Amino acid sequence: MPVVDIHTHIYPPTFVELLRSRTTVPYVRTFPDAPDSSRLIILPGEDDPSTPSTSRGRPIGPEYYDIAQKISFMDKHKIDISVISLANPWLDFLPSNEAEEAAKRINDDVDGLCAKYPGRLYAFGTLPLSAPMETVVKEIERLARLKHMRGVIMGTSGLGNGLDDPALDPIYAALEKHEQLIFLHPHYGLPASVYGPRANEYGHVLPLALGFPLETTIAVTRMLLSGVWERFKKLNVLLAHSGGTLPFLAGRIESCIKHDGHLKKEGKIEERRDVWDILKTNIYLDAVIYSEVGLKAAMDASGSDRLLFGTDHPFFPPLEADAKEWHSVNANYSAISTTFKDHETAAKDVLGNNAIRILKLHP
Ligand code: URA
Ligand code: ZN
């Protein structure tokens, strides 16, 4: 039975070099009080001067950029195939004139890493979203021809105005035409003010546990409200972290739409596809939710044929130096085995067969 990890990241060495050359977020650097350990500072606000330099961001070691370490992590956790993706914040921060070159270089690097381990690695590509539209569309077309690419990873900012921006239509059209899935992944979280004045006493818990999933939920709901899936009926989106909170809130979203006088007056209620339809037709959910309760909601919302195992490696490593396996990975494995304890076929689908079918992986 193949196990496929569809949520697993890498910063290829050329991307790490780019981060090392920078002095504003995102960047990689050492601090004078710990000169032997590099830190990866990527999230908004993560380098706030009130945070001690040794707890800014996270330590970055070869598990973030060495593909051999990805393979040994896969072997240790019995993962046969990984669909790797550049981690956040992708190329969102690059000036327009640097994005095209960077995207080509990084996509070629990642495709080359996959080629080193035939049958074990596939990838989601990265788009040069700050470049002119025709450049972005050209990269989508190029990605469709790269052997190991199976879609694109994208954040929630789009061209800077979110994923409900009509200016994204040529990108959605190209992705739909080339049958490339969007792996939608959070990065920006919520405005820092919602975490309160003591936020830096709580490590990364509030932005990662709540900011990330709510960001995803809001981004998808905006896509839905703006009619993306009425215009692009075959556009497929894989949502990180089991859809954020979308499965849990879908009923409330539907109810708010049905009770909205403004939408009714504009004639936007009758002609639309509802959230449940889109969840079962256009949306796939990863199984990176660490508990049976969340996984059951995802299964009820989209169906066990649309759920896909993931790890989020190399994030969330065990904090104990001598840990043999990653708790974060085992939590996801165990949520699948308890949720599907009487449904062996569905468990196998979530662990690997769905990914093989949906992403056309041919082991
Ligand atoms: N933290 C991140 O910044 N990205 C992830 O994918 C997971 C945790
Ligand atoms: Zn991730």
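## Cysteines

Cys114 is buried, at a relative accessible area of 0%, whereas Cys256, at 43% relative accessibility, is partly exposed. Here buried means under 20% relative accessible area, exposed over 50%, and partly exposed in between, using a 1.4 Å probe and protein chains only. Searching the whole structure turns up 0 disulfides, a disulfide being a pair of cysteine sulfur atoms within 2.5 Å.

A word on the model itself: it is predicted, local features need pLDDT of at least 70, side-chain atom pairs count only at pLDDT 80 or more, and totals for chains, interfaces and linings use all residues. Residues are numbered from 1 along each chain as its sequence is written, chains are lettered from A and ligands numbered from 1 in the order written, and side-chain values use heavy atoms, leaving out hydrogens and water.

## The zinc site

Four side chains hold our attention here: the zinc ion (ligand 2) has His7 (NE2), His9 (NE2), His185 (NE2) and Asp312 (OD) as its protein donors, at 2.1 to 2.2 Å. Donors are N, O and S atoms within 2.8 Å of the metal (3.2 Å for Na, K and Ca); water is not among the atoms, so sites may look incomplete. Along the chain, the donors follow the spacing H-x1-H-x175-H-x126-D.

Helices (H or I, at least four residues) and strands (E, at least two) are DSSP runs, numbered from the N terminus. Both His185 and Asp312 are buried.

## A three-stranded sheet

An open antiparallel sheet is built from 3 strands in the order β2-β3-β4, with β2 (27-31) and β4 (58-59) as edge strands that each pair on one side only. Two strands pair if DSSP finds at least two bridges between them; β2 and β3 (residues 34-41) have 4, in the antiparallel sense. Phe31 stands opposite Ala34 in β3.

## The largest pocket

The largest pocket has a volume of about 870 Å³ and is lined by 28 residues, with His204, Leu208, Phe315, Phe316 and Pro317 nearest its centre. A pocket is an open set of points on a 1 Å grid over the protein atoms alone, where a 1.4 Å probe fits, with protein on both sides within 12 Å along at least five of seven lines; lining residues have an atom within 4 Å of a point. Volume is the space filled by probe spheres set on the points, which are joined across faces, edges and corners.

α6 gives the largest share of this lining, 5 residues.
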